[in-house]
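Biologist: Could you walk me through this structure, one part at a time? I'd like to begin with a sheet.

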Amino acid sequence: MSPQRTIVIVGAGFSGTLVAANLLRSQHWATTRIVLIERSASVARGKAYADRDHPYLLNVPAGRMSADTNSPLDFLSFAQHRIPDATAEDFLPRALYGQYLEATLLDAEVSAPPHVQFERLRDDVCAVEKIGDGSGYRVRLSNGHTSADSDAHTLGADSNGRTLGADTPGRTLHADDVVLALGNPPPGPLPGTEELQQYVSDPWAQPLKFSPNETVLLIGSGLTMVDVATAAATSSNEQAVIHSISRHGLVPPSQTQFSHSACNGDSASMLRAASFSALTLLRSVRALAAETERRGGDWREAVTFIRNIAPALWQRLPAREKRRMLRHVRPYWDVHRHRLPSETLAKLNRLRHRQKLHIHAGRLIRFEAVGSQIRVTWRARGAHELQTLLVDRVVNCTGPDYNVRRSSDPLMRSLLAQGLAVSDSHNLGIRTGQYGALIDAQGRASASLFYVGPMLRADHWEATAAQELRGHAERLASYLAAPVGRMRATATA
Ligand SMILES: Cc1cc2nc3c(=O)[nH]c(=O)nc-3n(C[C@H](O)[C@H](O)[C@H](O)COP(=O)(O)OP(=O)(O)OC[C@H]3O[C@@H](n4cnc5c(N)ncnc54)[C@H](O)[C@@H]3O)c2cc1C
């Protein structure tokens, strides 16, 4: 049966995998071909859930990491087949979560209805171009890997063992609908590091190994810094001395077990009423957290509650107040919102106690190469005088750079150049409408080009964690599968 339409999903990390799994579980209005394209050898892993040398832990307990909102303990049941005594409150390995996502996709593939075809393709999408007559998109593939590559088997076989995606270099695919699930961009450029030999611009680009007695500067003090510092301590038997410098020197606090019941509709109304300025919103958030604690609860309950209504609060703020929020409030929100398993925080505190990890609040002034080392000049927060540090390596742990205007990714550049995507004015990502429909340069929401992933933060504020992204993936898949899709397609033809 030849398909009546093709949906191409670019990127098979968390978001792309879940869009594909949800589409495979759906009843479609027409015979549908789904093509999932991933440039790397593994599907469902992305940066977050890859197999790595260090056993990184999820920063969310197993009971809250289901990939399916209708089955909240789905991940826990999967984990218990491998770790029988795992509980909902445990922080399990990220690599295990990657296996879970792989299994989720495979299950969906095996049970997909007969009128849905599924193909996995290993390649790099370098452009998506709108076809002039409105009949969809041309998806351009680079000369990257093909499923004939020896390590491509994880991606290149369907549930019947057939090899898929055998591809010719430079090939294009036709798509009626395209879902972009491109993941987190690498960290932004750090002025002054361009000529430095010992500078690591992206800690996730390749495995980082530290030698004993090495002195390392990590720029940033959030979750990436914690990952790099704890892994460095293990790989170098804790001989490496690590410095971290960030503007505020704030380290994420630990997770705790807490219930979700303290805040209610009144709290939501109070926050909505306050979301006309960054300052009033901040005051209300603080008041809600204090009130929660006064009632015997945990401030984390208030943060979780606010996170769930964050899109509405963010969208109500005027542009000027959004800028204030980003400048003054964001570091504090981020540090309270993104927390650590207590085991990881204990590791970090041990390193600090042994003087192996020093966390500084301050500003970087300059970097200079001194032989094989780097002299870093910086100013501590609130101080006048400058200080220097001599280090063997500098690692950029500032997190993803969502300013797509300076993206070097060919696909993103091509989307921007054609006006199919536009950056949001706060450099948080790209502009999207309902279901992640891309907003084009004329301000129109596309009927057939969608984005799902962390850059939804431009319109939703909170869009980086599994909990938010799984919801976006589910809603987009059911929109694409529903009969309304046919009306959409007819209207745009
Ligand atoms: C280190 C880390 C740890 C995290 N831990 C947690 C956690 O414990 N709990 C939680 O809730 N959230 C966590 N998150 C957040 C969240 O789960 C991730 O950000 C999520 O993986 C984002 O999914 P994604 O599909 O958008 O991006 P990714 O998972 O990164 O996937 C994007 C994929 O697209 C592919 N791709 C990109 N461009 C192209 C192209 N042009 N052609 C072909 N393929 C392409 C990439 O190779 C990649 O595989 C973590 C994030 C990170 C980075």
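Modeller: Keeping in mind that this is a predicted model, we can begin with an open sheet of 3 strands, which has the order β4-β5-β6 and antiparallel pairing.

Biologist: Which are the edge strands?

Modeller: The edge strands are β4, covering residues 125-130, and β6, covering 172-175, and each of them pairs on one side only. From one strand to the next, the twist averages 20°.

Biologist: And how many bridges join β4 to β5?

Modeller: There are 5 bridges between β4 and β5, the latter being residues 137-141, and these two strands run antiparallel. Within this pairing, Val128 stands opposite Val139 in β5.

Biologist: What holds the strands of a sheet together in general, what do they pair through?

Modeller: Strands of a sheet pair through backbone hydrogen bonds, and the pairing can be either parallel or antiparallel.

Biologist: Switching topic: which residues touch the most other members of the largest nonpolar core?

Modeller: That core has 77 residues, and the ones touching the most other members are Ile9, Val19 and Val179. Leaving aside residues up to four places away in sequence, Val179 touches Ile7, Ile9, Val10, Gly16, Val19, Phe450, Val452 and Leu476. There is also a second, separate core of 30 residues, with Ile219, Val226, Ala231 and Leu357 among them.

Biologist: What about the ligand, how many residues surround it?

Modeller: The ligand is surrounded by 31 residues, of which the closest are Gly11, Gly13, Gly46, Gly183 and Gly453. The shell divides into 15 nonpolar, 12 polar and 4 charged residues.

Biologist: Which elements supply at least two residues of that shell?

Modeller: Among them are α1 (14-25), β2 (32-38) and α12 (466-481), each supplying at least two.

Conventions:
Residues numbered from 1 in each chain as written. Predicted model: local features only at pLDDT ≥ 70, side-chain atom pairs only at ≥ 80, totals over all residues. Core = buried A, V, L, I, M, F, W, Y, C linked by C-beta atoms within 7 Å. Buried ≥ 20, exposed ≤ 12 C-beta atoms within 10 Å, placed from the backbone. Contact = placed C-beta atoms within 7 Å. Near = placed C-beta within 6 Å. Helix = DSSP H or I, 4+ residues; strand = E, 2+ residues; numbered from the N terminus. Nonpolar A, V, L, I, M, F, W, Y, C, P; charged D, E, K, R; others polar. Pairing = 2+ DSSP bridges. Axes fitted to C-alpha atoms, helices over the stretch in contact; angles between N-to-C directions.
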